[in-house]
Amino acid sequence: MRSSGQYRRTDAQPDPDAALRPRVALAAPVLGTAPAVTGHHIQSSLFSIGMMLAMLVLAVLALLIFFYMSFFGIRERRFLDVAVFLLLCSLWCLTDSGLYQIYGRDTAAGSVVSFYAFMTMPIPMVHFVRNTVSGRLRLVPDVCIALFCANALAQGAAYRLLGVPFIAMLPLSGRLRLVPDVCIALFCANALAQGAAYRLLGVPFIA
């Protein structure tokens, strides 16, 4: 700063809280024509696009198998569970991708759909486990499905009525996703234990 014909330099004081603030890495901007920039974005997302297409193809195959078996009177609902799970996964990958955030028509609605897909994604796989076990063991998957449905409804109500952003409630959904993983692991351990017990008795066992 200039004062009375002389230059005066004012040194900035160090910020003691600078080390505590989270650092955000920003990607370098991409400059060029619209087709070139679009091509660059597509090339950088080829892996995600390939995964989404693979899940869609597998979902269609699972649906075809389910309808084919149903045509002959065999109701194998686990193929339907797999198809719904893959469709939800592909929907979540699409709405959560950078391509949709850049080129999507309504990114705000896409973000809401992405959170709902993330919250309901475990339901078909837990239903798959429910269709695998029988008897009282089905109570545990039923409780897990009820928890996931209640979580989606509660978060939707909090978002609509109270204005709570979904991103603030994301840790709750992440912790709830551990529940079916633990249940599936326990069911597998139980099936392996039963198989080992039957083999010790010399009885054939099919899980």
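Student: Which residues form one aromatic cluster here?
Tutor: Phe115, Tyr116, Tyr159 and Phe166 do. Keep in mind that this is a predicted model.

Student: How many aromatic pairs does the structure hold?
Tutor: Seven aromatic pairs. Take Tyr68 and Phe72: the ring centres are 5.0 Å apart and the planes sit at 65 degrees.

Student: Why is that pair edge-to-face?
Tutor: Because the planes are at 65 degrees, and an angle over 60 counts as edge-to-face.

Student: Tyr68, buried or exposed?
Tutor: Exposed, with a relative accessible area of 54%. Phe72 is exposed as well, with 52%.

Student: Where do Phe115 and Phe166 lie?
Tutor: Phe115 is in helix H5, residues 107-120. Phe166 belongs to helix H8, residues 166-176. The pair therefore ties together parts that are 51 residues apart in sequence.

Student: And Phe166, is that one buried or exposed?
Tutor: Phe166 is buried, because its relative accessibility is 4% and the cut-off for buried is under 20%.

Student: New topic, the surface. Which residues make the nonpolar patch?
Tutor: Val57, Leu58, Val60, Leu61 and Leu64.

Student: What area does that patch have?
Tutor: About 450 Å².

Student: Which helix is Val57 found in?
Tutor: Helix H2, which covers residues 46-71.

Notes. Residues numbered from 1 in each chain as written. Predicted model: local features only at pLDDT ≥ 70, side-chain atom pairs only at ≥ 80, totals over all residues. Heavy atoms only, no water. Patch = residues over 30% accessible without salt bridge, like charges linked within 9 Å, V, L, I, M, F, W, Y side chains within 5 Å. Areas by Shrake-Rupley, 256 points an atom, 1.4 Å probe, with all protein chains shown as cover. Salt bridge = Lys/Arg side-chain N within 4 Å of Asp/Glu carboxyl O. Helix = DSSP H or I, 4+ residues; strand = E, 2+ residues; numbered from the N terminus. Phe/Tyr/Trp six-rings, centres within 6.5 Å; stacked < 30°, edge-to-face > 60°. Buried < 20%, exposed > 50% of the residue type's maximum accessible area, 1.4 Å probe, protein only.
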